[in-house]
Amino acid sequence: MTVSEASRSRALATWAEQMRALEPVVDNLLAIWRPDGATEAEIQDMNKLALSMLADGYLCHVYTDARRPVFMPLWNYACNQGGPDPDYVYSSVEVDPEGVYRITGFRGTSRFVEITERGSRMFSPNQVKTGRPVNATNDLDDLTLGDDGSFSVVISVERPEGYEGDWWALDPRAQSLLMRRCSCDWIKEVDARVAIERLDDGGADMTPEEIAARFSDMAAWIEGMIAFDMDLVRWYREHHGINTFMRSKKIDTMGGLPKQAYYDGIYEIDDAEALIIEIEIPEECRYWQALVADDRFATVDWVNRQSSINDASARVDSDGTFRAVISKRDPGVPNWLDKADWPWGVIQMRINKANRYPDPTIKKVPLADVRDHLPGETPMLTPEARREQLRRRREGAQLRRIW
């Protein structure tokens, strides 16, 4: 290294300076989450969540860029933020709208794989733009698939001259792509394998200045990602009310899937209470599921608890209605949504590509009286059966391809 190079490198933030920039992050988040003071357990839990978002930031923002793109893990059971659907594996990649990209891979056997264009690189309040959202969504099943499930598609603002293969139009405002790989039977279904390359630019190593600048974004990345969803949860509490469940008034405007309906609500019950949600299942529907999350919109641990149910694991009653019980204690029914120790949080449901989107109902009942409010045909699930159910759940979650 020459003297001038060494001098220039010393002008960039040092490791110690980058660490100091991260120091206030958790305190700032705790001031939003627990303004009256947090318990030691809550402090450590927020430390853990912030650390996971730092890992997210490194993978999705510091390691890779739009010149050398790689689909990197975004939300999963280790990086649990934004109410991730446990049936989805989320991956993200930065793109340059002036670039031409090719996405290739193998479709697999999972329910569906969709790639959504987004108008921001960091999902935080100061990055979400007003006006028409950038949320064009493309489906791998719309592509030409080989006998082995292989595919290849070019994505760019304009179709390359002379190119006649599969092509997706890229919104000129797009800054990143969000991939959702949906699997309902976590053990049997095979996740897609997907790669991306830039065709118009051979790429180059990030400069020291670029690395330092992206590293310096990490405090805003962590705070923005977590604070955004804490604000969203509180918006639901204010505008939807407590122990309610209805078609989302917010998600559809924020870049959710255009052919997917979201239902949201807030639960707040004590250990001796339960909520029963009911909804008619549409006659035609590609996919549906329900989950519970905490008051930061982190989905309740879905590896070790049944905090989510989908159309492959749920029991639908003979009248075509899905009924689930939300509670801390096991009510002994198949469709239990385990809220763990959280006193309040979010209920969310997705219905994807259905012929209709029915309105759900919700009611609060004493936990001891749950069966008085369910059909007589509802089976009793023994503790032994629940342990086996959770064992298979843990196995299936680990078999997903989250990288």
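What share of the contacts in the protein with a separation of 6 or more comes from residues 24 or more positions apart? I noted first that this is a predicted model, and then I found that such residues account for 77% of those contacts.

Next I looked up the secondary structure, which comes to seven helices and 18 strands. I then checked the radius of gyration, which is 22 Å and close to the 22 Å that the globule rule gives for 403 residues, so I wrote down that the protein is as compact as a globular protein of that length. Along its principal axes, the C-alpha trace spans about 80 × 55 × 40 Å.

Turning to burial, I found that 52% of the 403 residues count as buried. The protein exposes about 18,200 Å², and carbon and sulfur atoms supply 51% of that area.

I followed Leu-29 in particular, and, leaving aside residues up to four places away in sequence, I listed among its contacts Met-46, Ile-222, Ile-226 and the charged-type entry Glu-223.

Last, I looked up the charges, and the mean positions of the 50 positive and 67 negative ones are 2 Å apart.

Key:
Residues numbered from 1 in each chain as written. Predicted model: local features only at pLDDT ≥ 70, side-chain atom pairs only at ≥ 80, totals over all residues. Heavy atoms only, no water. Contact = heavy atoms within 4.5 Å. Helix = DSSP H or I, 4+ residues; strand = E, 2+ residues; numbered from the N terminus. Rg over C-alpha atoms; globule rule 2.2 N^0.38 Å. Buried < 20%, exposed > 50% of the residue type's maximum accessible area, 1.4 Å probe, protein only. Areas by Shrake-Rupley, 256 points an atom, 1.4 Å probe, with all protein chains shown as cover. Charge placed at Lys NZ, Arg CZ, Asp CG, Glu CD.
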